[in-house]
Structures are given as structure tokens and as C-alpha cells.
Amino acid sequence: MAFEKTAKLQGSTDEYTLSPDLKKYTVRDNAFEELKTGNFQYLRTLTSDSVVNQEVKLKIVISEDLSKLKIATTTMNGLRPVIIYKGDAFKEICEKYEFIMQDFSNKGIFEKK
């Protein structure tokens with residue numbers, strides 16, 4: 001998972017870029033943790049009460065200079081990617097992901113393409 005100017009989840013049609021007006025304090029104020037490398041990371045569990053017995057973790061990483069990002073959904077241990085847009089099994093998880101990304105867009109962190 002490499003940093004890119006534009007990022008999206010596999011299977012999704014929504015692409016996101018970082019807002020050009022983004023500031024570090026905005027990222028920190030919105031639950032991103034600053035790592036030792038200087039990058040900012042957002043980790044959240046996207047659990048669901050659906051039939052799927054697999055918990056999914058959302059991971060968003062923003063580069064130190066606020067110019068590039070990475071977005072991924074993984075298993076809880078972070079070792080394998082999970083494609084949440086494959087079939088209807090992850091419908092509720094997809095809705096939670098889209099809600100989080102819309103909230104970040106409204107707060108001026110991301111711009112939806």
C-alpha cells in the first residue's frame with residue numbers, strides 16, 4: 001500500500017484526494033494519530049451485525065507533508081485486505097465507510113472526485 005495523490009478502496013467508484021487547504025491541526029482534531037514517522041493514521045473498526053463473521057478495520061494514512069494518502073480495509077490483525085464492495089455481505093460496513101468519508105469531506109480533510 002503506497003502513498004498516492006488519489007486513493008480509493010478496491011471495488012469502490014469513489015476516489016478521494018486531500019484538500020489543498022488541509023492543516024495538521026485539522027487532521028489531529030479528527031482522530032488521526034501522529035506516528036513516529038510524522039505520518040497521520042486513522043484506525044477504526046467497521047463492525048457489523050450482519051451474517052459475516054469477519055470484523056473489518058478501516059486504515060487511512062496521510063503523509064507527513066499532507067500531500068498523499070493511503071486507504072485500506074483489512075482484517076482485524078491488519079494482515080489481509082478485505083474487499084468490502086464485493087457482493088452484499090458487507091453492505092452495512094460499506095455504509096459506515098461512506099459515512100466516515102463523507103464526514104471527513106465535510107470537515108475539509110478530503111475532496112471526493
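Predicted model: local features only at pLDDT ≥ 70, side-chain atom pairs only at ≥ 80, totals over all residues.

Tutor: Residues are numbered from 1 along each chain as its sequence is written, and side-chain values use heavy atoms, with hydrogens and water left out.

Student: Why is Val27 called buried?

Tutor: Buried means under 20% relative accessible area, exposed means over 50%, and partly exposed lies in between, with a 1.4 Å probe and protein chains only. Val27 has 0% relative accessibility and therefore counts as buried. Val27 lies in helix α1, where helices (H or I, at least four residues) and strands (E, at least two) are DSSP runs numbered from the N terminus.

Student: Which residues are in contact with Val27, leaving aside its neighbours within four places in sequence?

Tutor: Contact means heavy atoms within 4.5 Å, and with those neighbours left aside Val27 is in contact with Leu22, Phe32, Phe40, Ile62 and Leu66. Glu15, by comparison of positions, is 12 residues from Val27 in sequence, and their C-alpha atoms are 19 Å apart in space.

Student: Why does Thr26 count as buried?

Tutor: Thr26 has 16% relative accessibility, so Thr26 counts as buried. Thr26 is found in helix α1, residues 24-29, and touches Lys107 and Ile109 when residues up to four places away in sequence are not counted.

Student: What makes Ala31 partly exposed?

Tutor: The relative accessibility of Ala31 is 38%, and therefore Ala31 counts as partly exposed. Ala31 has its place in the loop between α1 and β3, and its phi is near 75°, a positive value in a residue other than glycine.

Student: Where is Leu66 found, and why does Leu66 count as buried?

Tutor: Leu66 is found in the loop between β5 and β6, and because its relative accessibility is 15%, Leu66 counts as buried. Leu66 is not a glycine, yet has a positive phi of about 60°; Leu66 belongs to the turn of the hairpin that β5 and β6 form with six residues between them.

Student: How do you know that β5 and β6 pair?

Tutor: Two strands pair if DSSP finds at least two bridges between them, and seven bridges join β5 (residues 56-62) to β6, the two running antiparallel. One of the bridge partners in β6 is Lys70, which stands with Val61. In general, strands of a sheet pair through backbone hydrogen bonds, either parallel or antiparallel.

Student: What is the order of the open sheet of four strands, and which are its edge strands?

Tutor: The order is β3-β4-β5-β6, with antiparallel pairing, and β3 (33-34) and β6 are the edge strands, each pairing on one side only. β3 and β4 (residues 40-45) meet the criterion with two bridges, in the antiparallel sense, and Glu34 stands opposite Phe40 in β4.

Student: What is the order in the open sheet of three strands?

Tutor: That order is β1-β2-β7, again with antiparallel pairing, and the edge strands are β1 and β7 (110-112), each of which pairs on one side only. Helix α2 (residues 91-106) packs on this sheet, touching β2 and β7, and its direction makes about 115° with that of β7. Axes here are lines fitted to C-alpha atoms, for helices over the stretch in contact, and angles run from 0 to 180 degrees between N-to-C directions. α2 also lies across β4, β5 and β6, running at about 25° to β5.

Student: How many bridges join β1 to β2?

Tutor: Two bridges join β1 to β2 (residues 16-18), and the strands run antiparallel; the bridge partner of Ala7 in β2 is Tyr16.

Student: Which residues lie nearest the centre of the largest pocket?

Tutor: A pocket is an open set of points on a 1 Å grid over the protein atoms alone, where a 1.4 Å probe fits, with protein on both sides within 12 Å along at least five of seven lines, and lining residues have an atom within 4 Å of a point. The largest pocket is lined by 19 residues, of which Lys8, Leu9, Gln10, Ile71 and Ala72 lie nearest its centre.

Student: Which element gives the largest share of that lining?

Tutor: β6 does, with five residues, and seven of the seven residues of β6 are buried.
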